[in-house]
Amino acid sequence: MIYAFLTAILFIAVILGGGAMFAFNYFKNKRRGGGSKVVSAVAVGMIAVGLLLVILIPGSFHTVDAGTVAVVRQMGVIADVEGPGTYFDFYLVRRYEKYDAKVQQVEINMEAYTSDAQSMEISMVVQFQIRQDKVEDIALNYGGLAALTNRIQSVAIERTKASLSQYQAEKLIEERNSISPTVESEISSAIGDKYYVNFNSAVLTDIKFSEAFEAAVEAKMMAQQEKLQAQYENEKKKEQAQTALYVAEQEAKALVAKAQAEADAQVAISQAEARSIMLKSVEIARMLGYKVETVPAQTEEEEVSYKIIYDDAKGQDGKDIAEYLKYIEYMSKWDGKLPQVVTGENGFMITIPMPGGSQNGNGGSGDGSENGGNA
């Protein structure tokens, strides 16, 4: 800054001094009719130099914008590094090389191969930012930001190809979303602190395979989807069949249970009827003079039973009990209407009222009477 200030003062002094000498000599010649030619020549020279400096001065103002840093070279040698601001340096002596200190975004397109020799086109974006405290090193080693960007781009391409070459094509398609972080980590490790930049990110924006390979992959995926669909349908049919079988089994069990319940009910009815007949037989036997013995139950579930002792000597063999049971059964089902003729084998006579009010109780035949039967 001191050098720039002194240079500006010198330029202004030369211009003012030349102008003053020229004016002084001009007025002196006018009054006296003559003057010093030497003074005039010096004045003209100073004015000429001043005019030349007026032409050169605008080019000596240097503006460094925000987000930019400048390396100042004096006669080709790095003299200083300047941040944002406006500077005055004689541009024929001092030159400003500006470096963009904002985040740099580099779009990279490359061709790479997978481990199974499938070609692919890769598109990616790399972002980095130069370190302002290392701008002088960048200028010394690379001569400019363009050369540094090319170097970082080369590193990104090399590490990306190396990373992707470890995958088979189909695996790469399946794990495409997880590949980008892996590539980014590889590039970040390769750049490190070697290139005087802060690495920000590397993102794979697109991976394209050949049309033939993509068609083959699509056909394979469709076949797999069809296979999965067929397996799903088979499983669904199997489940439906199992459900139908289960329903049928349950229905069959219900039918069996119903039949068993009906059979048990019939058995219970039969047992109840048999016991009722047995009890009726016992009562009739007692009424007819048979001896009846009580048989105690053996368990709590069993009921008390009875045994009729038939006396063969008395000619009692149980037929009269059966006949009496039939008679009781008949009477239980009789609707109250008397038959016109009742006959029997034991000679009993039953008198049946006839229409007209006449009756006959002697068992003969004739008008207005009916024969009774044996009961």
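Two strands are taken to pair if DSSP finds at least two bridges between them. By this criterion, the predicted model contains an open sheet of three strands in the order β3-β2-β5, with antiparallel pairing. The edge strands are β3, spanning 77-82, and β5, spanning 94-100, each of which pairs on one side only. From one strand to the next, the twist averages 25°. Strand β2, residues 68-74, runs antiparallel to β3 and is joined to β3 by five bridges. Within this pairing, V81 of β3 is the bridge partner of V71.

Helix α4 comprises 20 residues, 145-164, and reaches 28 Å from its first C-alpha to its last, close to the 28 Å expected at 1.5 Å a residue. Buried positions in α4 include L145, L148, T149, I152, V155 and A156; I157, T160, S163 and L164 of this helix are likewise buried. In general, an α-helix has 3.6 residues a turn, so residues three or four places apart point the same way.

The largest nonpolar core has 43 residues, and those with the most contacts inside this core are Y99, M124 and I130. Helix α4 gives the most to this core, with seven residues. Apart from this core lies another, of eight residues, among them V282, A285, V292 and L325.

With residues up to four places away in sequence not counted, M124 touches V106, E107, I108, M110, T160, V183, I187, A202, V203, L204 and T205. One of these contacts, T160, is among the buried residues of α4.

Conventions:
Residues numbered from 1 in each chain as written. Predicted model: local features only at pLDDT ≥ 70, side-chain atom pairs only at ≥ 80, totals over all residues. Heavy atoms only, no water. Helix = DSSP H or I, 4+ residues; strand = E, 2+ residues; numbered from the N terminus. Expected span 1.5 Å × (residues − 1). Buried < 20%, exposed > 50% of the residue type's maximum accessible area, 1.4 Å probe, protein only. Core = buried A, V, L, I, M, F, W, Y, C linked by side-chain atoms within 4.5 Å. Contact = heavy atoms within 4.5 Å. Axes fitted to C-alpha atoms, helices over the stretch in contact; angles between N-to-C directions.
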